[in-house]
Amino acid sequence: MAKLKLGAIEDDKPIKITHELPASVHRDLVAYAEILAQETQQPIGDPVKLIAPMLARFMAADRKFRNVRRARQRSNADEG
């Protein structure tokens, strides 16, 4: 079986955001949680907890985002 892109879920202080998902995305999220639970041998109590690590992984993999963010941080450091 291929390894999933998402690993174990870190416990971090959450910020509450309310957002509606299409039913098909929710079904996929539930299926992903089930597969991840089997792969990691850790139960996933609430599939919604996967959304934050998925978004973080997505942004970390976006090369353009990383480059622009890094440039902005350097620019802000130069101004301060």
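Predicted model: local features only at pLDDT ≥ 70, side-chain atom pairs only at ≥ 80, totals over all residues.
Local features need pLDDT of at least 70, side-chain atom pairs count only at pLDDT 80 or more, and totals for chains, interfaces and linings use all residues. Residues are numbered from 1 along each chain as its sequence is written, and side-chain values use heavy atoms, without hydrogens and water.

The protein has an average pLDDT (the predictor's confidence in each residue, from 0 to 100) of 88. A score of at least 70 is reached by 96% of the residues.

Helix α2 spans residues 51-61, and helix α3 spans residues 63-79. Their axes come within 5 Å and cross at roughly 75°. The axes are lines fitted to C-alpha atoms over the stretch in contact, and angles run from 0 to 180 degrees between N-to-C directions. The two helices are therefore roughly perpendicular (65 to 115 degrees). Helices are DSSP runs (H or I, at least four residues), numbered from the N terminus. In the contact (heavy atoms within 4.5 Å), α2 contributes M59, A60 and A61, while α3 contributes R63, F65 and R66.

Note on methods. Parallel < 35°, antiparallel > 145°, perpendicular 65-115°, else oblique.
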